[in-house]
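Trainee: Could we walk through this protein together, one question at a time?
Mentor: Gladly; let us look at it first.

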Amino acid sequence: MVSLCLSKPNFATPFLGQKLSFFLPSCSSFHGNTTKDCVVLGGPRCAVDTPYGGNVPKFPRLRVWDPYKRLGISRDASEEEIWGSRNFLLQQYTGHERSEESIEAAFEKILMASFQHRKKTKINLKTRLKKQVEESPPWIKNLLSFVELPPVDITLRRLFLFAFMGGWSIINSAESGPAFQVAVSLAACIYFLNEKTKSLGRAFIIGFGALVTGWVCGSLLVPNIPSVLLHPTWTLELATSLVVYVFLFLGCTFLK
C-alpha cells in the first residue's frame, strides 16, 4: 500500500497520508535534529475531492422562464442582437452544461416565435389582399381575372430574355434598326402565351396587342423624355422598341 500511494498519490486519501506517518521514520531519526535533504510527506490530494465543475461560472438566469429575459434582450431586439447575445453568453459560460443548454433553449424559443410571427403575417397579408379583391368593383374583378402570377424562376427567365433583346438592340443600333430583335421578341411572346393558354389564336391576339400597345405608348412617351436622360445615339425607333420589350414581357408573363 505504501508503494502504491507513493507512486500514484492521486489515488490516495488524506487518511492514508496520515497513516504513512506511522510507518515512515521521521527526519530526525536519520539526521539528528536537522531537516536538511529531508523530504516531508504531506497528505496526498485525492482527485475525487476536487469540486465538480471546478471554477466554471454558472449562468445566473437558469430558472428564468421568459426567453427574452433569460438572454437579457428586449422583445423588439433585432436578429443580430439575438445572435450576439446568444454567442456572448455561450462564450461566458462555456464548460457548464446546464448553462449552455438553458441559453440554447431560450435562443431556439425566440427563433421559433419569430418564424411563427412571420408566417402569420404572410398569411394575414394574403387574406387582406384576397379580401380587397373580393370587395373591389366588378370591372376590377374582371380585369384581374386575366392576370396571373407565375413562379419566380419563369419570371426571371423571361425577364432575362427580353433584357437580352434590349441590350442586343442597343448594341446594333448604329448598324441597323431593331426590327429583327422586335420580331424575335414577338415570336417568343406568342410561343410563351401558346404554351400557357394552349390556344394559338389567343396567343397571337395577346402578343400583337402587347406589340401595338407598347409601340403606341413608346411613341407618345419617348418624345416627352428629357434628352439628358437618353443616350445621344439612341433614335426614336430604338427607344420605342425598348418600351415594346417591356409590354411583350408583361403580356407573355402575367396575362392568361
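Mentor: Serine 185 lies in helix α9, where a helix is a DSSP run of H or I with at least four residues, numbered from the N terminus. This is a predicted model, in which local features need pLDDT of at least 70 and side-chain atom pairs count only at pLDDT 80 or more, while totals for chains, interfaces and linings use all residues. Residues are numbered from 1 along each chain as its sequence is written, and side-chain values use heavy atoms, with hydrogens and water left out.

Trainee: Is serine 185 buried or exposed?
Mentor: Buried means under 20% relative accessible area, exposed over 50%, and partly exposed in between, using a 1.4 Å probe and protein chains only. Serine 185 has 1% relative accessibility, so it counts as buried.

Trainee: Which residues does serine 185 touch, not counting residues up to four places away in sequence?
Mentor: Contact means heavy atoms within 4.5 Å. With residues up to four places away in sequence left out, serine 185 touches Phe162, Met165, Tyr245 and Leu248.

Trainee: Where does threonine 233 lie, and which side chain does it join in a polar contact?
Mentor: Threonine 233 lies in the loop between α10 (200-221) and α11 (236-254). A polar contact is a pair of N or O atoms within 3.5 Å; within protein, one must be able to donate a hydrogen and the other to accept it, and residues adjacent in sequence count only if both atoms are side-chain atoms. At 2.7 Å, the side chain of threonine 233 has such a contact with that of histidine 231.

Trainee: How far apart in space are threonine 233 and isoleucine 170?
Mentor: In sequence, threonine 233 and isoleucine 170 are 63 residues apart. In space, C-alpha to C-alpha, their separation is 9.4 Å.

Key
Helix = DSSP H or I, 4+ residues; strand = E, 2+ residues; numbered from the N terminus.
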